[in-house]
Amino acid sequence: MPPPTGFTALPLHSDKGVPEWDETDQFSVQSYFDDVEQLLTRYAVQDNTEQKRAALLYAPAEIRRLWSTFAEYKEDTKTFADFRAAVLKYYVGDDVNQFTLNDYHRLVQEQARIGLGDYHEYLR
């Protein structure tokens, strides 16, 4: 009997050997998606909606909430490749933009931690 295939056959989030993503390293998202694609191939998950759901399956809860708001995730006409490209662009950027939204968030958090100090000094 061949092994089970499809989305419902995918390993659970808590299983050993599932894709992992280090949120502290924005570039590890590429490896995460590579690992998800290997699982999709191994379990013959071909439906775009199920492929996108699988990408969220192994991500941390906060990231799942964020990614599920992407138009490329919500729209049925968008493929898994479209979704992957949108996520990578969000974290890694592209050749057009030098900085990503993630860079902006880190900058704001760092400035909030340090503080502005003297406003007049800040304006110099």
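Trainee: Which side chain has a polar atom 3.1 Å from the backbone nitrogen of Thr49?

Mentor: That of Asp47. This is a polar contact: N or O atoms within 3.5 Å, where, within protein, one must be able to donate a hydrogen and the other to accept it, and residues adjacent in sequence count only if both atoms are side-chain atoms. The model is predicted, so local features need pLDDT of at least 70 and side-chain atom pairs 80 or more, while totals for chains, interfaces and linings use all residues. Residues are numbered from 1 along each chain as its sequence is written, and side-chain values use heavy atoms, leaving out hydrogens and water.

Trainee: Got it. What does Asp47 cap?

Mentor: The N-terminal end of H2. The capping atom is a side-chain oxygen, 3.1 Å from the Thr49 nitrogen.

Trainee: And where does Asp47 sit?

Mentor: In the loop between H1 and H2. Asp47 counts as partly exposed because its relative accessibility is 38%. The cut-offs are under 20% relative accessible area for buried, over 50% for exposed and in between for partly exposed (1.4 Å probe, protein chains only).

Trainee: How many residues apart in sequence are Asp47 and Phe80?

Mentor: 33. In space their C-alpha atoms are 8.8 Å apart.

Trainee: Let's go to Phe80. Which helix holds it?

Mentor: Helix H5. Helices are DSSP runs (H or I, at least four residues), numbered from the N terminus.

Trainee: Why does Phe80 count as buried?

Mentor: Because its relative accessibility is 5%. Now look at what surrounds the residue. Phe80 is in contact (heavy atoms within 4.5 Å) with Phe33, Val36, Glu37, Leu40, Asn48, Gln51, Lys52 and Ala55. That list leaves aside neighbours within four places in sequence.

Trainee: Is Gln51 buried or exposed?

Mentor: Buried, because its relative accessibility is 13%. Not counting residues up to four places away, Gln51 touches Leu40, Val45, Gln46 and Phe80.

Trainee: What other residues of H2 are buried?

Mentor: Besides Gln51, there are Lys52, Ala54, Ala55 and Leu56. What covers the buried residues of H2 includes H1, H3, helix H4 (71–74) and H5.

Trainee: Back to H5. What caps its N-terminal end?

Mentor: Thr79 does. A side-chain oxygen of Thr79 lies 3.3 Å from the backbone nitrogen of Ala81.

Trainee: And what follows H5?

Mentor: Gly93. The phi of Gly93 is positive, near 90 degrees.

Trainee: Which residues of H5 are buried?

Mentor: Phe80, Phe83, Arg84, Ala86, Val87, Leu88, Tyr90 and Tyr91. Keep the helix turn in mind. An α-helix has 3.6 residues a turn, so residues three or four places apart point the same way.

Trainee: Arg84 is on that list. Why is it called buried?

Mentor: Because its relative accessible area is 11%. Arg84 lies in H5, which covers residues 80–92. Leaving aside neighbours within four places, Arg84 is in contact with Gln30, Phe33, Asp34 and Glu37.

Trainee: New topic, the core. Which residues touch the most other members of the largest nonpolar core?

Mentor: Phe33 and Trp67, out of 28 residues. A nonpolar core is a set of buried Ala, Val, Leu, Ile, Met, Phe, Trp, Tyr and Cys residues joined through side-chain atoms within 4.5 Å. The elements giving two or more residues to this core are helix H1 (28–42), helix H2 (48–57), helix H3 (61–67) and H5.

Trainee: Which element gives the most?

Mentor: H5, with seven residues.

Trainee: What is Trp67 in contact with, beyond its neighbours within four places in sequence?

Mentor: Trp21, Val29, Tyr32, Phe33, Ala55, Leu56, Ala59, Tyr73, Phe83, Val87 and Tyr91.

Trainee: Zoom out. How many helices and strands are in the chain?

Mentor: Seven helices and zero strands. Along the sequence the pattern reads α-α-α-α-α-α-α.

Trainee: What share of the chain counts as buried?

Mentor: 31% of its 124 residues.

Trainee: And what share of contacts join residues at least 24 apart?

Mentor: 57%, among contacts between residues at least 6 apart in sequence.
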